[in-house]
Structure formats: C-alpha cells, structure tokens
Amino acid sequence: MAKRLLLSGNEAIAQAALDGGVHLGTGYPGTPSSEILEHFSTIGGNAQWAPNEKVALEVGIGAAYGQARVITTMKHVGLNVAADPLFTIAYAGTPGGLVIISADDPGMASSQNEQDNRRYAIAAGVPLLEPADSQEAYDFTIKALELSEKYRVPVILRVTTRICHSKCVVSRTDESIHPPAPKYERDIKQNVMVPAYARVAHRKMRAKLKDIARFNESSEFTKEERKSSDLGIITNGISYQHSRDAAPEASILKLGLTYPMPLKRIQTFAGNVKRCVVIEEGDPVIYEFCRANGIDVEGKAEMYRFGELNVSRVRRIIANDLSEETKPPTGKPPQLCPGCPHRRTFETLRDLGCIVTGDIGCYTLGVLPPFEAMDTCVCMGASIGTGLGMRHVLTEKQARKVVSVIGDSTFLHTGINGIVEMVYNRPPTGHVVLILDNSTTAMTGLQEHPGTGRKLDHSPAPKIIVEDMISAMGVDNVDIVDPLLDYDQFLSILKARLSSNDLSVIIVRRPCILAAVKIKKYEETSARGDK
C-alpha cells in the first residue's frame, strides 16, 4: 500500500487505526467526526455505529478489557453523553489501548454549543492529545494507543473542525504493528469500581498523571521552535498553524500532549522571551494553567474566545487589537431540502399554532422561515422530556398545543427514556410525540442506525421496529402516516390526538429524499446477496 497519502484529519485517524492494529472502532455519527469510522470501514477496519455515544464507549471499554485496541469516536457534545463511563474508566483503566476521539466544533458550524472538551480531560483525569495537522492526527492516534497501553489509561484525542476536514500529505509508519490477540484476564480489584477499590484506583490514576507529566517534559509531543527572543507563543492544535503564519519571527512552544502539561518546559520557554502570548481556540485552558502556576503570559481578550481562530485574528490577538472585527458576509441560511418529507409536517404544526419542543437533526431547521415551527431545542433526546415538562405546568388550553418532535435516529439515541417518562409520569392532558422517520441519520451524512436494518457499511442487520417497541411500553395510540401521500389522514390524526387526553406517538414515515435512491440500492444489493 502507498506510504504517502493525501488525507483529511479524519481519514488520517482512520488510517492510523488500521495501521496501528485497532481491533474495533465504535461511535455515533456527528459532524465533524463522522468520516472517521466510515473511512476506517472502507479501508478494511472493523467499525460499527452504536445507538449513542455512551453505549459506544461502553462497548469500547469492554473490548479494551479484552486487551484489544479500540477507538471510540464522537463529536464534542457526544462526550457529554459518554461522560458517565468516561469518569469511571479513568480510574479503572483498561489493559487494551482505548482512544476516545472528541471532534470539537469551534464556531458551531453544525452544533448547539462550542464547548471545549479539554475541560473533560482535566475533570476526568485523562491524558489528552491535540494534533495540528493530518500528519499529527495519524501519528498521535498510534502514539495514543501506545500511551494508553503503557499507563493503562484511556486517552482523549481532541481534534477540531479545521483539523478534521483539512487535507495534507501523510507519511505512514514503516513499522508493522501487530498487537497481541485479544484475551480476557480476570482482575476484579482493578475492573470493579466499588468504593473500596475505587479509592485505591483514584490514587493510582493521579500517580499515573504525575508520571505522564514528567514524561511530557521531554516528550516528542512538546516541540519548541527558537527564533526571536522578543516574542514567544505557546500554542496547540490548529492554532499552531495560524500562529506560524501570523508571526513567523516568533519563538513557538507547541503543546501536543495538553493534559497533563509540561510545567517546567513552559516555565523555561516563557522565561527566555521578553513577551509570551498564549494562542488557543476556545477556552483559555493553557493560559489559566500558566497563570495558576505563576508564569507571566498574556492571553486573548474575551472577544476572541468565540468562533474559530485564523491568521488575521491571531495577528489581532498579538497586537492586542480590541477594535470591532469585520463581520463576515451573510451566507445563505440552511433550509430543509425541496421535497423533504418534514416540510409538510412543520407547515401543519405552524398552521395549528402548536408549541413545538424540538430536537437535534436536520428537522431542527423547522425553526427557520418559512416554518418557524419550533419553540425549543436543547440536546439529543430532550424534546420529549421538555414537552412533558410543559404539559405538566401549562394551562389546559396551552398544554393541549404542546407537541414533541424527534427524528428516528435521535429517538433511538436518547428518546426512548422520554417515552418511559411519558408513560410513568403521565400529564393530565396526555401528550403527543411526532417521530419524523426518514430512515437514516440525515444531518450528519446519511448514516445507518438500529432502525434502518443496515450496519455501518450498509450491509443487512436486525432492524428495531420502533412502533412495536413504543406499543409495548404502554403508549395509548401509535399511528404511522405519510403526510405527502395522505395529508388529510395526517391532519385528522394529529387534530384528534391533540384534543384527547391520551399518550400518542405519531410516526411520520417517509425516506429522506437524499437517501431514497441509496436505500433502494442497498436493498437491491442485499436481495442479490452482494457486498
């Protein structure tokens, strides 16, 4: 195979996983991370979509308990879902290499927030690596697996939108990496985090972090470029590329292993320059670390905390320019595709004056003109619980207008518990949930999920029948309609359910217009028995 390839950061991570002997890749699709597992599967890796990020990490943990090498992928908000197992596995660790890939989204190109997941590494006590280009994305993935196995700790590989989707030439390793075959060896005190064992494990974890911090003082992850003594820049990730272009004369300390940080190395660097500026996207994590340890560095003004950095913004930070930034040209707002089956649904909800609690997916665009038919959107799966909260407290007149809207993939991600809550704590006026089932995970690139009947590589898989599951949970009415084929039926059912005190789920089912042709092809291929 070719030793030099033109790869995006996501493709480089996938290639490194294959070259590094990863036995299993798990995850949930989410921009900007989605292509990692897709490419891993395409080039021959063993990859699978989980119902959500928590399950993906738990599956990864299980495989790593069996001494397998594992990557688990997700976007930044996905780590919120996976935080529960993350904090505990940081104590226990795994004998197999476990790398958690968090793809952060500064500037919110496709997200509901721009949280900085370096905070998770600090809070959980997990080492964190940040590549600055596709080559480092490749190298750091392999090194993260090795670091995880050496110290028996999970490792977070944090990438950002610009790293995920930018391309550069990547040189692959010449070494043949053949990790040992997976096997399980019993270790109850290490793997079962009851309080007695967890107290010991916590101390061990902190001791490991001290060892890794000492290692980082001279590790290959910390790179220093000596130039002018007048200006020094401490930076990380994509900010390094911007800093190098913005201030070619500056000395630079680039941090690759940004938790735990190399304190002495930073102190020495800052002490050898007249002025030291920290350049980092998002939260001032490096800056706060430096200041907390008495290192005289400058940070960025609050106005530069928002959105992505670029060369121009880095120049402004170095110049301490606080003047108003030029606003980017207004682009065309996103919209539901012409022919999208969701359009008719949102037109109806708008015309009926419904109070719509929405969810995460392409149907979130129902909030925009010409529909403006969404009142809330919090996080994956929140639409049902939010709607129930409104139903419990609003006057009967308003409560009867509340409708929760969720997609098929999102429902299987974290919407099921909302139905459990609905049945268990039933509002006096009942509730109405619309599942907009377009037979794919549309917003992140038409990926499969447990309700499509196909695996990550689109081959056949057991299919979760959503209507059967909901009926078995005790919902009064479960209807399946296609508003494009029979709009009168859809309108009649919706009005009837809104006026009753029943618990009702209406599955609005029609394939995504972008996925329909592909779905037909997958089904024909499956019928022929082809790959």
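User: Over which ring does the charged end of Lys150 sit, and how do you know?

Analyst: The ring is that of Phe215, and the charged end of Lys150 is 5.7 Å from its centre. A charge sits over a ring if NZ of Lys or CZ of Arg is within 6 Å of the ring centre and within 35 degrees of the ring normal. The charged end of Lys254 has a like placement over the ring of Tyr240, 5.7 Å from the centre. This is a predicted model, in which local features need pLDDT of at least 70 and side-chain atom pairs count only at pLDDT 80 or more, while totals for chains, interfaces and linings use all residues. Residues are numbered from 1 along each chain as its sequence is written, and side-chain values use heavy atoms, with hydrogens and water left out.

User: Phe215 has been named; which cluster do ring pairs make with it?

Analyst: Ring pairs join Phe215 with Phe140 and Phe221 in a cluster. Rings of Phe, Tyr and Trp (its six-membered ring) pair if their centres lie within 6.5 Å; planes under 30 degrees apart are stacked, over 60 edge-to-face, and the rest tilted. Five aromatic pairs are present in the structure.

User: Why is the pair of Phe87 and Tyr120 called edge-to-face?

Analyst: The planes of Phe87 and Tyr120 stand 75 degrees apart, and the centres are separated by 6.3 Å. The angle is therefore over the 60 degrees required for edge-to-face. Phe87 belongs to helix 5 (residues 83–92) and Tyr120 to helix 6 (residues 118–124), so the pair ties together parts 33 residues apart in sequence. Helices (H or I, at least four residues) and strands (E, at least two) are DSSP runs, numbered from the N terminus.

User: What makes Phe87 partly exposed, and what makes Tyr120 buried?

Analyst: Buried means under 20% relative accessible area, exposed over 50%, and partly exposed in between (1.4 Å probe, protein chains only). Phe87 has 33% relative accessibility and therefore counts as partly exposed. Tyr120 has 17%, so Tyr120 counts as buried.

User: What is the pair of Phe346 and Phe371 called?

Analyst: The pair of Phe346 and Phe371 is tilted, with 45 degrees between the planes and 6.3 Å from centre to centre. Phe346 lies in helix 15 (residues 342–351) and Phe371 in the loop between strand 14 (355–358) and strand 15 (376–377), 25 residues apart. Both residues are buried.

User: How do you know the number of disulfides?

Analyst: A disulfide is a pair of cysteine sulfur atoms within 2.5 Å, and by this rule the count is zero. The sulfur of Cys168 is 13 Å from the closest cysteine sulfur, that of Cys164, which is too far for a bond. For Cys377 the closest cysteine sulfur is in Cys379, at 8.3 Å, again too far. Cys168, at 23% relative accessibility, counts as partly exposed, and so does Cys377 at 33%.

User: What is the strand order of the open sheet, and why is one side of strand 3 and of strand 12 left without a neighbour?

Analyst: Seven strands form the open sheet in the order 3-2-4-5-7-6-12, with mixed pairing. Strand 3 (47–49) and strand 12 (257–259) stand at the edges with a single partner strand each, so one side of each lacks a neighbour in the sheet. Two strands pair if DSSP finds at least two bridges between them. Strand 4 (residues 70–75) and strand 5 (residues 98–104) have six bridges and run in the parallel sense; in this pairing, Thr73 is opposite Ile101.

User: Which residues does His39 touch beyond four places in sequence, and is His39 buried or exposed?

Analyst: His39 lies in helix 2 and touches Glu11 and Ala14, where contact means heavy atoms within 4.5 Å. At 19% relative accessibility, His39 counts as buried. The C-alpha atoms of His39 and Glu11 are 6.1 Å apart, although 28 residues separate them along the chain.

User: What makes Glu281 buried, and where does Glu281 lie?

Analyst: Glu281 has a relative accessible area of 6% and is therefore buried. Glu281 lies in the loop between strand 13 (275–279) and helix 13 (285–292). Leaving aside neighbours within four places in sequence, its contacts include Asp116, Arg118, Lys300 and Glu308.
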